[in-house]
Amino acid sequence: MKKNTVYVSGLLNFETILNVEKFPIDYFPIAYPFYGINSEVSGTAFNISKALTTLGDKVILSSYVGNDLLGKTILSEAKKAKIDVSCIKAELEQTPNCVVIVDSYGETQTHTDLKNIQELQADVELEKQAIEKSDLVVLCNSNFNRPLLEVSKKLNKKIATDVHILGSIDDPYNKQFLEYGDIVFLSQKGIVDLNHEDFLIQVYNRYHNDVIVMGEGKDGAMILDGINRVVYHVDAITLVNIVNTVGSRDALFSSFIHYYLQGKQPLEALKLAGIFTSYKIGALGGANGFLTEKEINKYAKKVDYAVYKICEF
């Protein structure tokens, strides 16, 4: 089977995960959580790129780091993962850094220091050649990607994006990504006073995306197939004991894209992505615990999927 090339542009950061007992955290001057603190390279763009590479795709990773220890560490880890780093620029004052606090119930609180990355704009001419080589373009919802939305569309490339927490279909920050995205992922968090399927249909009626997937945490995911005009819910499956869910939607997003590029129908791609994600959350960190396609195929033979057709529209 042909190896697909995916251009991925988004945030790279260094990530520290701190495990705590519960929220809220009571004040105390010092603690010694033995093996409760773990640090590694992460960020949505790195998580997605490493997942796609593990699944057998070729990835061109575009982003920004600082010319500092963390930036050099990110480049080193990306090269180890066999990711093309020729489009990573060391132009930031400092490399973005992130702390994720995880409690014993799986709830998370993320603190991300973006440094000055939101002030940058991608150089269209510099990125255009890499985009032209790709079979699909992943543009994470970072400010610097905004100029690449239009150029990718002009080059007739399919665009996949994750807008994360979307409280309104008119969200001013994410509106442009919703307008250009053929494949859109989002979280259920932030959606109030509406059924999930009603919200997805509202998004579709405004932006006419091909596919919209909503991550619903431990409940699974909902998918709107804009081509066949149908909404399904797929229950989450459990393959291993859950360690933490950091990076779970990056995993779902990446593996869905992988199978979608192979020509799988959206629902089938989501079911296989569910296997990838279920196994991934048995590992620490956003960029660990990834299955190969061969390993997914083995699990797929013995997994029972609970799929519900919610509605046609």
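**Figure 1. Strand 2 and its two partners.** Strand 2 (residues 13-19) runs parallel to strand 6 (residues 97-102), and the two are joined by six bridges. Helices and strands here are DSSP runs numbered from the N terminus (H or I and at least four residues for helices, E and at least two for strands), and two strands count as paired if DSSP finds at least two bridges between them. One place to look is phenylalanine 14, whose bridge partner in strand 6 is asparagine 97. This is a predicted model, where local features need pLDDT of at least 70 and side-chain atom pairs count only at pLDDT 80 or more, while totals for chains, interfaces and linings use all residues. Residues are numbered from 1 along each chain as its sequence is written, and side-chain values use heavy atoms, with hydrogens and water left out. Strand 2 also pairs with strand 3 (residues 37-42), this time in the antiparallel sense, again over six bridges. Here leucine 18 has isoleucine 37 of strand 3 as its bridge partner. Strand 2 is mostly covered, with five of its seven residues buried; buried means under 20% relative accessible area, exposed over 50%, and partly exposed in between (1.4 Å probe, protein chains only).

**Figure 2. Asparagine 19, in strand 2.** How exposed is asparagine 19? Its relative accessibility is 29%, so asparagine 19 counts as partly exposed. Leaving out residues up to four places away in sequence, asparagine 19 touches Gly36 and Val102, where a contact means heavy atoms within 4.5 Å. Threonine 108 is 89 residues away from asparagine 19 in sequence, yet the C-alpha to C-alpha distance is 9.4 Å.

Figure 3. Histidine 233 has tyrosine 308 of strand 14 as its bridge partner.

**Figure 4. Helix 8 against helix 9.** Helix 8 (residues 266-280) and helix 9 (residues 293-300) pack at about 105°, with axes 10 Å apart. That makes helix 8 roughly perpendicular to helix 9 (angles of 65 to 115 degrees get that label, under 35 is roughly parallel, over 145 roughly antiparallel, and the rest oblique). Helix 8 brings Leu272, Ile275, Phe276 and Tyr279 to the contact, and helix 9 brings Ile296, Tyr299 and Ala300. By class, the contact residues come out as seven nonpolar, no polar and no charged. The classes go like this: Ala, Val, Leu, Ile, Met, Phe, Trp, Tyr, Cys and Pro are nonpolar, Asp, Glu, Lys and Arg are charged, and the others, Gly among them, are polar.

**Figure 5. Serine 255, in helix 7 (residues 248-261).** Serine 255 is buried, with a relative accessible area of 0%. Not counting residues up to four places away in sequence, serine 255 touches Leu55, Ala273, Phe276 and Thr277.

Figure 6. Which residues of helix 4 (residues 146-154) are buried? They are Arg146, Leu148, Leu149, Val151 and Ser152. These buried residues pack against strand 1, helix 3 (124-132), strand 8, strand 9 and helix 5. After helix 4 comes asparagine 156, with a positive phi near 65°. Asparagine 174 lies in the loop between strand 9 and helix 5 (175-180), and at 4% relative accessibility asparagine 174 counts as buried. Setting aside residues up to four places away in sequence, asparagine 174 touches Asn141, Val163, Ile165 and Leu166.

Notes
Axes are lines fitted to C-alpha atoms, for helices over the stretch in contact, and angles run from 0 to 180 degrees between N-to-C directions.
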